Amino acid sequence: MFANKLFVEENQRKRNGWLFLSMFVNLGFLGFFKYGNFLLENFTFLMNSIGIEYQAQPMDIILPMGISFYTFQTMSYTLDMYNRKTKPAKTFLDFALYVTFFPQLVAGPIVRAGELIEQFYEEKKATVNQFIWGLFLLTLGLFQKVVLADTLLSDAADTVFGSKEATNFWDAWAGTLAFSGQIFFDFAGYSTCAIGIAMMLGFVLPHNFLYPYGAIGFTDFWRRWHITLSTWLRDYVYIPMGGNQFGMTRMYVALMVTMLVGGLWHGVAWTFVVWGLCMVSI
């Protein structure tokens, strides 16, 4: 509803109001379900640290599966309508299918409205070639996730990073390399499965990983790693904040906010905040 209003409304103040309301609803749901307990715990710690006795009752929030992914999709849909980069879905069911398209609902890739909704209006019948390649990608993704990430590499990574004693040089490097492989095959495996299942149904989803460990430098790495998230952050956070168009100070502020959003998107802990800040310095 918000997006359709944004697309047809001509009054700029009303358009800004609808955009604000849409962002408030989307971020409100995401903030409550994903960050509610984290914010409450930190508020409790802050009150106690300044001498105010406060103990909040746990909220016991159950995190909806895949909320980060489909929230970013609904936000991109709204922002694209605001900027009139794509046309709105013809019916609410078309929009609902875009948000809940099951192959990529839980773990991506994060698909833009213009990439998927337009495919809904084309007659779909997967060819034999599409089905075979889709089945191959599904098999490859399952192999990456189940065999490589969860079986061959997880034990080595967990043993080294979970050790309570100092490890030697070779064990430390073995654990680091095992974790690097585990996190890649975990993410890439999920995405490859999603792309394969969609292809078996006759739909095309964007690639999400492009040999990231073959990158030359960190800038190139982010062009290859979780591509749909990196481009989402670039197009909807970094560029709207000015990007590199208004001097070095503005650019670094935009980079810091972008990487902080990326860090918090990955997980709910201060370690992810620190990770985001570290990525800015790199």
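The structure holds five salt bridges. The model is a predicted one, and every value discussed here was computed from its atoms. Side chains of opposite charge can pair when their charged atoms come close. Three of these pairings are followed below, after a brief view of the whole chain.

The chain contains eleven helices and zero strands. Read along the sequence, its pattern is therefore α-α-α-α-α-α-α-α-α-α-α. Taken along the principal axes, the box filled by the C-alpha atoms is roughly 60 × 60 × 45 Å. Of the 282 residues in the chain, 40% are buried.

The salt bridges may now be considered individually. Asp235 pairs with Arg112, and the closest N and O atoms of this salt bridge are 2.9 Å apart. Asp235 belongs to helix α9 (residues 227–238), whereas Arg112 is in the loop between α4 (92–100) and α5 (113–120), so the pair ties together parts that are 123 residues apart in sequence. Are these two residues buried or exposed? Both Asp235 and Arg112 are buried. For Asp235, the relative accessibility is 19%; a residue counts as buried when this value is under 20%.

Asp235 also forms a salt bridge with Arg234, where the closest N and O atoms are 2.8 Å apart. Arg234 has a relative accessibility of 41% and therefore counts as partly exposed. Through these pairings, Arg112, Arg234 and Asp235 are linked in a network of salt bridges.

A further salt bridge joins the side chains of Arg224 and Asp220, with an N to O distance of 3.1 Å. These two residues are four residues apart in helix α8 (residues 218–224), which means that about one helical turn separates Arg224 from Asp220. Asp220 is buried, because its relative accessible area is 17%. Arg224, at 21% relative accessibility, counts as partly exposed.

Thr78 is located in helix α3 (residues 67–82), and its relative accessible area of 5% makes it buried. The side chains of Thr78 and Ser22 are joined by a polar contact of 3.2 Å.

Which residues make the nonpolar surface patch of about 730 Å²? The patch is made by Trp133, Phe136, Leu140, Leu142, Phe143, Val146, Val147 and Leu152. One of these residues, Phe143, has its place in helix α6 (residues 128–161). Phe143 counts as partly exposed, because its relative accessibility is 42%.

Rolling a probe the size of a water molecule over the atoms shows where empty space is left. The largest pocket contains about 910 Å³ of space. Its lining consists of 29 residues, and those nearest the centre of the pocket are Phe179, Ile183, Phe187, Trp225 and Trp275. Several helices contribute to this lining: α3, α7 (169–200), α8, α10 (248–266) and α11 (270–281) each supply at least two residues. Which helix gives the most to the lining of the largest pocket? Helix α7 does, with nine residues.

Conventions:
Residues numbered from 1 in each chain as written. Predicted model: local features only at pLDDT ≥ 70, side-chain atom pairs only at ≥ 80, totals over all residues. Heavy atoms only, no water. Salt bridge = Lys/Arg side-chain N within 4 Å of Asp/Glu carboxyl O. Buried < 20%, exposed > 50% of the residue type's maximum accessible area, 1.4 Å probe, protein only. Polar contact = N/O pair within 3.5 Å; in protein donor to acceptor, adjacent residues only side chain to side chain. Patch = residues over 30% accessible without salt bridge, like charges linked within 9 Å, V, L, I, M, F, W, Y side chains within 5 Å. Areas by Shrake-Rupley, 256 points an atom, 1.4 Å probe, with all protein chains shown as cover. 1 Å grid on protein atoms, 1.4 Å probe; cavity = no way out; pocket = protein on both sides within 12 Å on 5 of 7 lines; lining within 4 Å. Points joined across faces, edges and corners; volume = space filled by probe spheres on them.
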